[in-house]
Amino acid sequence: MINFYQGLAGNMELIVVRNKIMRFIACLVICQGAGLLGSIFTIPEIGGWYAQLVKPSFAPPNWLFGPVWTMLFIMMAVALYIIWSSRSDNGKGAAFATFAVQLLLNVAWSAVFFGGHMILGGFLVIIALEIMIALTIYRFMIVSPLAALLMVPYLCWVTFAGVLNFYYWRLNV
């Protein structure tokens, strides 16, 4: 009888581990999926419309954006996983909601800036995005300081992207 319970406990542990892995994969798919969706608007314009823009002297090379965004989306996925896996229900719903809104704004920026060729519109979207990322960090902090910390590089990069977006607007009006 003891072997039966030990076997049952072992199976339960496997189920828990499998569920954690599936939850993490879902977080990766959600975040990288947003990146993929945004790239649908971005990639076709890199050699066309975007290449024709006058760029500020501090604009990074195009090859840098892909690796940086991939890493940021992975960090977002880890942060989302931490929130999802948290045992605390205090603030979890608000954390999920603000995360979802900022992720939608992230995709919207690509659609407006690259897809719509609207530099000023992109700047307005990126301001809203920065506000929502900051709010997401605040909401994540309530549930998990580590998850909040993982979002800080994203806020820094988007702030830099906002400065770039402003200069693109100023230089190309």
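Mentor: Helices (H or I, at least four residues) and strands (E, at least two) are DSSP runs, numbered from the N terminus. The model is predicted, so local features need pLDDT of at least 70 and side-chain atom pairs count only at pLDDT 80 or more, while totals for chains, interfaces and linings use all residues. Residues are numbered from 1 along each chain as its sequence is written, and side-chain values use heavy atoms, with hydrogens and water left out.

Trainee: Why does His-117 count as partly exposed?

Mentor: Buried means under 20% relative accessible area, exposed over 50%, and partly exposed in between (1.4 Å probe, protein chains only). His-117 has 36% relative accessibility and therefore counts as partly exposed.

Trainee: Why does Arg-87 count as exposed?

Mentor: Arg-87 has 84% relative accessibility, so it counts as exposed. Arg-87 belongs to the loop between helix H3 (62–85) and H4. Its C-alpha atom is 9.0 Å from that of Val-143, 56 residues apart along the chain.

Trainee: Which classes do Leu-164 and Ser-57 fall into?

Mentor: Leu-164, in helix H6, has a relative accessible area of 3% and is therefore buried. Ser-57, in the loop between H2 and H3, has 78% and is therefore exposed. By contrast, Ser-57 and Ala-26 are 31 residues apart in sequence and 39 Å apart in space, C-alpha to C-alpha.

Trainee: How do you know that the span of H4 is close to the expected one?

Mentor: The expected span of a helix is 1.5 Å times one less than its number of residues. H4 has 24 residues and reaches 33 Å from its first C-alpha to its last, close to the 34 Å expected.

Trainee: What makes up the largest nonpolar core?

Mentor: A nonpolar core is a set of buried Ala, Val, Leu, Ile, Met, Phe, Trp, Tyr and Cys residues joined through side-chain atoms within 4.5 Å. The largest has 46 residues, of which Met-76, Phe-99, Phe-113, Phe-140, Met-151 and Tyr-154 touch the most other members. H3 supplies the largest share of this core, 11 residues.

Trainee: What classes of residue form the lining of the largest pocket?

Mentor: Ala, Val, Leu, Ile, Met, Phe, Trp, Tyr, Cys and Pro count as nonpolar, Asp, Glu, Lys and Arg as charged, and the others, Gly among them, as polar. By that division the lining has 16 nonpolar, 11 polar and no charged residues. Its largest share, 7 residues, comes from H1.
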